[in-house]
Amino acid sequence: MISSSLWRSKKFRRLNSDAARLLYFFLHTHEGGNSLGAFHLSPEQAALAMRRPADEMTRAYSELQSVGLIQYDAEDELVRIVDFITHSPPSSYKHLAGLDRALGMISSSAIRLSLSVELSGALEKKAGTWSDDVSSKAVFLSRVVSLRLDIAAIQGADTPIHTPIIEGAVDTPID
């Protein structure tokens, strides 16, 4: 889903080329996309699909990355739309299960780390809007804890940093 507020976005307005703007819309609507907003698509593949010159798409990838709209791992040919999960957070346990499956297939540690941080924040925010009797709330908060452990492992930390999830959501602090 693309919001009309995109046109007011500081990042989007910093784009200089129409190729970068077009590529951004293409990435949001690409048939290979998923609920993480992360999928394998090199600039050359995008160029073929969009019938554009490869060098133009390479520059567009760089431009989108320079303003913080995408993250691209050239070695894995993996592109991630930044804040995709934030703007389209999981709404149910089934949706979360799908995100977890897709996250498990991400090979790039840098992109996996970014996705884990973004998903953790989106889950925490969503769970914070639910009352305690919503059954998915406990599942979402539990997944936040496991994502934080994954984040610490990716970053090479021996012990995760204490970060309270939602005040009052658990009886004891999580260390």
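A word on the background first. This is a predicted model, where local features need pLDDT of at least 70 and side-chain atom pairs count only at pLDDT 80 or more, while totals for chains, interfaces and linings use all residues. Residues are numbered from 1 along each chain as its sequence is written, and side-chain values use heavy atoms, with hydrogens and water left out.

Now the overall layout. The chain has eight helices and three strands; these are DSSP runs numbered from the N terminus, helices being H or I with at least four residues and strands E with at least two. Along the sequence, the pattern reads α-α-β-α-α-β-β-α-α-α-α. Of the 175 residues, 38% are buried, where buried means under 20% relative accessible area, exposed over 50%, and partly exposed in between, with a 1.4 Å probe and protein chains only.

Let's turn to the sheet. Strands of a sheet pair through backbone hydrogen bonds, either parallel or antiparallel. Here, three strands make an open sheet in the order S1-S3-S2, with antiparallel pairing; two strands pair if DSSP finds at least two bridges between them. Strand S1 (38–40) and S2 are at the edges with a single partner strand each, so one side of each has no neighbour in the sheet.

S1 and S3 are joined by three bridges, and Phe 39 has Val 79 in S3 as its bridge partner. Between S2 and S3 (residues 78–81) there are four bridges, and here Asp 73 sits opposite Leu 78. S2 and S3 also form a hairpin with four residues between them, and Glu 77 in that turn has a positive phi of about 50°. What covers S3 on its two faces? Both faces are covered, and the residues are all buried: Leu 78 and Arg 80 on one side, Val 79 and Ile 81 on the other.

Back to the aromatics. The whole structure holds six aromatic pairs; rings of Phe, Tyr and Trp (its six-membered ring) pair if their centres lie within 6.5 Å, and planes under 30 degrees apart count as stacked, over 60 as edge-to-face and the rest as tilted. Take Tyr 61 and Tyr 72: their ring centres are 4.9 Å apart and their planes stand at 80°, so this pair is edge-to-face. Tyr 61 belongs to helix H4 (residues 54–66) and Tyr 72 to strand S2 (residues 70–73), so to speak a link between distant parts of the chain, eleven residues apart. Both tyrosines are buried.

Next, a lysine. Is Lys 137 buried or exposed? Lys 137 is buried, with a relative accessible area of 9%. You will find Lys 137 in helix H8 (residues 135–155). Lys 126 is eleven residues from Lys 137 in sequence, and their C-alpha atoms are 8.3 Å apart in space.

Last, the largest pocket. A pocket is an open set of points on a 1 Å grid over the protein atoms alone, where a 1.4 Å probe fits, with protein on both sides within 12 Å along at least five of seven lines; lining residues have an atom within 4 Å of a point. This one holds about 420 Å³ of space. It is lined by 17 residues, and the closest to its centre are Ser 3, Leu 6, Tyr 24, His 28 and His 87. Helix H2 (18–29) and helix H5 (84–87) each give two or more residues to that lining.

Technical notes
Grid points are joined across faces, edges and corners, and a volume is the space filled by probe spheres set on the points.
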